[in-house]
Amino acid sequence: DRALTAAAAIDCEPERGRALAGLARHLDPGQQRRALDAGSSITDAGARAIAQVRISYHAHLLVPDHVIETALDAESMAVDPQSRHFAFASLSRRLEGAARSRALDRALEAAAAIGNQNARGRALCDLGLYLLPVQLDRAFTAASAIEDKTGRGLALTGLAPYLQEPARTRAITGALDTISTEDGEQTSGEVRVQLLALAREL
């Protein structure tokens, strides 16, 4: 109760929303309803919608489509693609159906736009588990275009378990190609570990 009261009293509205959402998983149903009421009182539409989506997920409540769209639009305002990717990927895990697909589309678009190629590869790798088949094809194309060997290798090994043939074989072959040279010895080791883990799954 004290934590909930303190979170609801935070002046900065985005911070208040994040605090309420972070608490939601630890609250009982009555407290979750209070958290949702506190989140609904946020005047900034984007911050309010994000809080409502995240709190409702833990409270097992349905969220109206217009609230979801407002939350997605608000997350789109982040200038940094890596921040947008993280926000959309996190939000997608709290959505279902078409709304989840839309959030993943935006997460994938943001991941592919990350300037640092190593970070781009890691972002694509992390998305693999959650993407739909058509999204996996786009992620594979983006991963294959990464010039940084470690970034490309991590992305391809992360996506490979979820790809259909022949893309899966091409992804594994592409990842193997990234460790066939001596440059980047330390970072290439990460790809080797990923490949060994992948071999155990196949």
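Modeller: Happy to! Let's start with Arg102 and Glu69, which form a salt bridge whose closest N and O atoms are 2.6 Å apart. Please keep in mind that the model is a predicted one. As for how open the two partners are, Arg102 counts as partly exposed because its relative accessibility is 30%. Glu69, at 26% relative accessibility, is partly exposed too.

Now look at Asp73 and Arg106, whose side chains meet in a salt bridge with an N to O distance of 3.4 Å. Asp73 is in helix α5 and Arg106 in helix α7, so this pair ties together parts that lie 33 residues apart in sequence. Asp73 has a relative accessible area of 43% and is therefore partly exposed. Arg106 counts as partly exposed as well, at 22% relative accessibility.

Helix α5 has another partner to show you. Glu75 forms a salt bridge with Arg54, and their closest N and O atoms are 3.7 Å apart. Arg54 lies in helix α4 (residues 45-59) and Glu75 in helix α5 (residues 65-75), so the contact ties together parts 21 residues apart in sequence. Here both residues, Arg54 and Glu75, are buried.

To place these pairs in the whole picture, the structure holds 6 salt bridges.

Note on methods
Residues numbered from 1 in each chain as written. Predicted model: local features only at pLDDT ≥ 70, side-chain atom pairs only at ≥ 80, totals over all residues. Heavy atoms only, no water. Salt bridge = Lys/Arg side-chain N within 4 Å of Asp/Glu carboxyl O. Helix = DSSP H or I, 4+ residues; strand = E, 2+ residues; numbered from the N terminus. Buried < 20%, exposed > 50% of the residue type's maximum accessible area, 1.4 Å probe, protein only.
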